[in-house]
Amino acid sequence: MSRAELFRVLGDPTRLRILALLTREELAVSEIQEVAGVGQSTVSGHLAQLKGVGLVTARRDGAHTRYAAATPEGEGNVLRFVADAPLPEGDAIALQRVLAERESPTPEGLGSDYLPGRSWEALAHLLLSLVPPMRIADLGVGTGRLTALLAGHARQVIAVDRDAAALERLPAGIERRLGTLEEPPLGEREVDLVLLSQALHCVADPVATLRRCREALVGGGKIAVLDLAPHTHAWVEHRLGHAHLGFADLGALLTEAGFHNVTSRVVHVDRRSPAFTTVLAIGVR
Ligand SMILES: C[S@@+](CC[C@H](N)C(=O)[O-])C[C@H]1O[C@@H](n2cnc3c(N)ncnc32)[C@H](O)[C@@H]1O
């Protein structure tokens, strides 16, 4: 292995973040994914390159393979500059959380409320089956898990995102429209429901976006916005592209955008670090 190859491998910001984590803890791929917020194939690709130059070793531990930072032969100091620099705040918090979950794993999503067979996904199917099928525009799809869930119960789901890859990942049967939240590619009065789940905080002018969403709704149609209450985690700006650190009054934004019968309430308080609070606001055109 040449020194040039070693520095080429080090010269990637995501690989450096992963390596910095592995100087602190031995981690499985799923744990690195959770802390770094990147997909499995991306993590595996970076690990393969780090392993290729001897910066990472792998150890089998039951069902998992765990990875740790290593010093390539003859390169005694090379890990120091990643090991000595503090982790970015978001990574440090996420790492703490992953390690705490390792200590006391809880059944998915329901913690101490655990009942055999109950999950948020099963409950979501139950609740969605109780509402009449609608035409829904889901703006900002992320992993697409929510979009896919809606599609199982809706008359039509239109998925909007500026990320073509996010749209491509969606299952068949969902209408994909590449576009922005600022100028959503929706026709006048095209849908019964507009959903903005953890997406509104990404736009600079939320009221302008809400006004555009209102135009896409039929009379009596609803908007549902799930977003964060005000918080101080500035790392979400550079790491996740948030333009707002939560919203102090989501209901007031909906009212300003012309919605009526507006309601807004806290629907989830996460007790685990970084402890975000989720607000649900609903408005009617
Ligand atoms: C956190 S994810 C949404 C999560 C998803 N709605 C859910 O509840 O699981 C945010 C999504 O919004 C998209 N996004 C962010 N800003 C955007 C913009 N200005 N226009 C279009 N899409 C945007 C991102 O590409 C990403 O897919």
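Glu75 and Arg3 join their side chains in a salt bridge, with N and O sitting 2.9 Å apart. The term salt bridge here stands for a side-chain nitrogen of Lys or Arg within 4 Å of a carboxyl oxygen of Asp or Glu. Arg3 belongs to helix α1 (residues 3-10) and Glu75 to the loop between β3 (64-69) and α5 (80-84), so this contact ties together parts that lie 72 residues apart in sequence. Helices (H or I, at least four residues) and strands (E, at least two) are DSSP runs, numbered from the N terminus. Glu75 is buried, at a relative accessible area of 13%; buried means under 20% relative accessible area, exposed over 50%, and partly exposed in between (1.4 Å probe, protein chains only).

All of this comes from a predicted model, where local features need pLDDT of at least 70 and side-chain atom pairs count only at pLDDT 80 or more, while totals for chains, interfaces and linings use all residues. Residues are numbered from 1 along each chain as its sequence is written, and side-chain values use heavy atoms, with hydrogens and water left out.

Searching the whole structure turns up 17 salt bridges.

Another salt bridge brings the side chains of Arg145 and Glu121 together, at 2.9 Å from N to O. This pair links distant parts of the chain, 24 residues apart: Arg145 is in helix α8 (residues 145-151) and Glu121 in helix α7 (residues 120-128). Arg145 comes out as partly exposed at 40% relative accessible area, and Glu121 as partly exposed at 25%. There is also a network, in which salt bridges with shared partners join Arg17, Asp91 and Arg239.

Now for the backbone. Most residues other than glycine have a negative phi. Arg189 is in the loop between β6 (175-178) and β7 (191-197), and it is partly exposed at 43% relative accessibility. Asn261, also a residue other than glycine, has a positive phi near 50°. Asn261 is placed in strand β9 (residues 260-269) and counts as exposed, with 59% relative accessibility.
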